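Open the model in your viewer and keep the selection panel at hand. We will go from stop to stop, with a short note on what to select at each one.

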There are 2 protein chains.
Amino acid sequence: MTKINAWAAEKAAARLSPFAYTTGDRPGPFEIDVRISHCGICHSDLHLIDNDWMISEYPLVPGHEIVGTVQAVGAQVSSIEVGQRVGIGWQRSSCMHCEHCIAGEENYCAQQQATCVGHFGGFAEFVRVDGRFAFALPETLSSENAAPLLCGGVTVYTPFRLYDIPAHARVAVVGIGGLGHLALQYARAMGCEVTAFTSTPEKEKELLAFGAHRVVSSTDEAGQQALQGYFDFILSTVFADLNWMQFVGLLRPKGRLCFVGAPKSEVRFPAFALISGAKSLCGSVIGGRKMIRDMLAFSARHGIVAQTELFPLERVNDALDRLRRNEVRYRAVLEV
Amino acid sequence: MTKINAWAAEKAAARLSPFAYTTGDRPGPFEIDVRISHCGICHSDLHLIDNDWMISEYPLVPGHEIVGTVQAVGAQVSSIEVGQRVGIGWQRSSCMHCEHCIAGEENYCAQQQATCVGHFGGFAEFVRVDGRFAFALPETLSSENAAPLLCGGVTVYTPFRLYDIPAHARVAVVGIGGLGHLALQYARAMGCEVTAFTSTPEKEKELLAFGAHRVVSSTDEAGQQALQGYFDFILSTVFADLNWMQFVGLLRPKGRLCFVGAPKSEVRFPAFALISGAKSLCGSVIGGRKMIRDMLAFSARHGIVAQTELFPLERVNDALDRLRRNEVRYRAVLEV
């Protein structure tokens with residue numbers, strides 16, 4: 001038995017406290033043990049702590065943007081070696097035989113398991129996961145700044161691939177936080193024309209540095225009039241209820257509004273708003289193993305990483321408080 | 001001056017009555033005069049008569065699924081000859097120079113004009129339109145049965161092309177009326193697996209003959225449980241308010257629900273329903289000139305035409321009454 005020290009919520013919405021659990025001595029055939037060095041804090045960790053999605057089990061150890069060093073590997077692990085630095089994201093395993101898994105889109109597998117749902121996550125010293133869901137990190141990416149790529153990065157990289165957004169597209173990113181500041185960088189690196197919609201326009205200088213060609217207030221509808229019918233692709237990362245029909249109006253014919261963050265309230269629209277310009281509302285969720293590898297290679301080639309605030313693991317509650325207050329610029333990362 | 005006999009609504013929601021108007025003696029440089037032999041009745045003609053969309057001008061001569069013979073051509077008309085049989089659909093002209101027009105997607109042109117909005121339509125002996133929006137009809141298609149292809153046909157053909165629906169897709173068509181019975185035929189001819197959702201399952205035998213592999217009640221949610229997560233593409237042609245989230249649940253990951261008919265009420269959904277399976281809600285509207293030509297060639301190759309009820313022009317009000325009562329099987333066509 002191996003004892004693992006972690007931080008856990010004992011019940012819904014609780015502050016985290018030290019928690020220890022044990023695992024068997026050796027990883028299973030496909031499993032690996034990873035000594036964690038860094039773990040990003042994703043907004044969905046808050047949702048899990050608060051049981052917003054009614055899927056949480058307590059004690060709950062959050063954390064699914066993990067970077068660490070492989071300590072042990074199971075007998076069937078073929079592509080990962082002890083001592084290697086790897087990253088682990090939202091998904092810890094999948095069935096590996098359904099139509100989605102064999103198509104390299106394990107993120108749609110109905111049997112998939114999440115790193116910190118029903119399992120103990122990355123706010124800890126160690127984690128044991130299926131080695132097929134651990135990814136070698138390009139050397140040029142620092143562990144601190146790459147950790148948020150494992151969930152946040154692939155969440156905003158995937159929709160550009162899934163929906164075939166071309167380099168000539170006019171792209172808008174709504175909400176420039178942990179996800180949005182990565183989306184700006186990807187869109188710019190893919191050659192697109194990039195607009196940042198933010199509720200805090202005082203961040204303009206930073207957003208331009210991330211790759212935006214222009215910054216627009218996400219709530220100033222009058223100021224958005226000049227952009228009616230302008231965008232090919234609008235990627236929304238926010239949890240706030242914005243006027244979504246206003247954003248549909250900003251789309252060109254055949255344009256697409258994609259949600260990677262779920263607004264609190266229902267989205268409502270007259271179907272005619274989609275029919276007349278052949279527009280789409282859609283979603284995207286993390287990315288499969290191929291997509292994560294591609295995302296890491298793309299990030300390394302273009303120097304795309306998260307801008308982070310680093311906290312020692314023991315200060316995890318301070319980090320969560322800042323995240324709840326929307327003060328983090330732009331992704332909190334725990335150092336173990 | 002040429003006098004043209006037609007049938008018009010004198011005010012919103014009025015029954016049609018005989019009406020005559022005059023045009024100049026000769027068509028303009030790009031215009032053609034067409035002696036109408038047949039004109040389909042589309043549900044949107046009812047919306048125009050009733051001014052549901054607040055764009056109608058009265059007296060209003062409906063009709064935008066026109067087939068007839070060219071009587072005269074303007075000086076600049078190069079691709080159409082006097083005596084030729086042509087079809088005309090919803091769109092009578094466009095600017096021909098915007099980005100959409102030069103891309104062959106004139107249906108998105110902001111300057112486009114509709115055949116029977118602000119112009120007198122096809123419930124008449126003649127019509128004068130831009131010859132660039134008249135289409136040669138394949139010889140094997142009868143005028144009566146091909147007329148509904150000009151709007152209804154291209155409306156349901158286009159989304160399969162626009163959204164790249166492949167032959168291996170599982171397709172559902174919701175609402176099997178004038179649009180839906182054509183959609184079943186296109187989906188089947190494209191090689192797809194085809195399901196018909198209808199509120200009148202007693203039509204099952206006919207719907208199977210149109211190409212459906214199965215027929216399902218559109219309102220029996222319990223009966224739809226076996227089809228959860230089944231479809232790649234659901235095309236809705238209805239104006240009724242169905243449980244759209246139920247239909248989103250019938251989509252597979254990456255599946256798409258496309259509206260070509262606009263339900264009366266707003267569509268509402270939690271964004272999470274799109275995010276978790278990377279699903280899309282979208283729309284499509286008629287088709288550009290290239291799409292109409294392709295649709296006609298495809299229809300001729302596969303023998304796809306509308307099943308019609310024929311009415312002499314003088315009985316147009318009887319035909320409209322049947323359409324209002326949802327009794328037409330499957331498209332009413334006027335014979336002039």
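This is a predicted model: local features need pLDDT of at least 70, side-chain atom pairs count only at pLDDT 80 or more; totals for chains, interfaces and linings use all residues.

**Stop 1: a loop in chain B**

Select Ala13(B), which sits in the loop between β1 (2-8) and β2 (17-23) of chain B. Check its backbone: phi of Ala13(B) is near 70°, a positive value although the residue is not glycine.

**Stop 2: the cis peptide bonds**

Stay in chain B and select Tyr58(B) with Pro59(B). The two are joined by a cis peptide bond, with omega at about 0°. Pro59(B) belongs to the loop between α1 (43-49) and β4 (66-73) of chain B.

Now move to chain A and pick Tyr58(A) and Pro59(A). Here too you will find a cis peptide bond, with omega about 0°. Pro59(A) is placed in the loop between α1 and β4 (66-73) of chain A.

**Stop 3: the two domains of chain A**

Colour chain A by domain: domain 1 covers 2-151 + 287-335, and domain 2 covers 153-283. Taken over C-alpha atoms, the centres of domain 1 and domain 2 of chain A are 27 Å apart.

How many residues of domain 1 of chain A are in contact with domain 2 of chain A? On the domain 1 side there are 24 residues, and they meet 22 residues of domain 2 of chain A. Between these two domains about 1,900 Å² is buried, with carbon and sulfur atoms giving 63% of that area. The count of salt bridges between domain 1 and domain 2 of chain A is 1.

Next, show the side chains of Asp294(A) and Arg161(A). They form a salt bridge, at 3.0 Å from N to O.

**Stop 4: helices α4 and α9 of chain A**

To see the contact, select Gly153(A), Val154(A), Tyr157(A), Thr158(A) and Arg161(A) on α4(A), then Lys290(A), Met291(A), Ile292(A), Asp294(A), Met295(A) and Phe298(A) on α9(A). Coloured by residue class, the contact of α4(A) with α9(A) shows 6 nonpolar, 2 polar and 3 charged residues.

**Stop 5: helices α1 and α10 of chain A**

Select helix α1 (residues 43-50) and helix α10 (residues 316-324) of chain A. They pack at an angle of about 105°, and their axes are 10 Å apart. By that angle, α1(A) and α10(A) are therefore roughly perpendicular to each other.

Which residues make the contact between α1(A) and α10(A)? From α1(A) come His43(A), Leu46(A), Ile49(A) and Asp50(A), while α10(A) supplies Leu320(A), Leu323(A) and Arg324(A). The residues of this contact of α1(A) with α10(A) comprise 4 nonpolar, 1 polar and 2 charged.

**Stop 6: the interface of chains A and B**

Show both chains. In chain A, 34 residues are in contact with 34 residues of chain B. The area buried between chain A and chain B is about 2,800 Å², and carbon and sulfur atoms give 60% of it. Highlight Arg268(A), Phe269(A) and Ile275(A): in chain A these lose the most area to chain B, together 20% of what that side buries.

Across the interface of chain A and chain B there are 6 salt bridges. For a salt bridge between the chains, show Glu105(A) and Lys254(B), whose side chains meet at 2.9 Å, N to O.

**Last stop: a salt bridge within chain A**

Over all chains the structure holds 34 salt bridges. Finish with Asp33(A) and Arg128(A), whose side chains meet in a salt bridge at 2.6 Å, N to O. This pair links distant parts of the chain, with Asp33(A) in strand β3 (residues 31-40) and Arg128(A) in strand β8 (residues 126-130) of chain A, 95 residues apart.

Key
Residues are numbered from 1 along each chain as its sequence is written. Chains are lettered from A and ligands numbered from 1 in the order in which they are written. Side-chain values use heavy atoms; hydrogens and water are left out. Axes are lines fitted to C-alpha atoms, for helices over the stretch in contact, and angles run from 0 to 180 degrees between N-to-C directions. Helices (H or I, at least four residues) and strands (E, at least two) are DSSP runs, numbered from the N terminus. Angles under 35 degrees count as roughly parallel, over 145 as roughly antiparallel, 65 to 115 as roughly perpendicular and the rest as oblique. Contact means heavy atoms within 4.5 Å. Ala, Val, Leu, Ile, Met, Phe, Trp, Tyr, Cys and Pro count as nonpolar, Asp, Glu, Lys and Arg as charged, and the others, Gly among them, as polar. Domain bounds come from an automatic or database domain assignment. Buried area is the accessible area (1.4 Å probe) that two parts lose on being put together, summed over both. A salt bridge is a side-chain nitrogen of Lys or Arg within 4 Å of a carboxyl oxygen of Asp or Glu.
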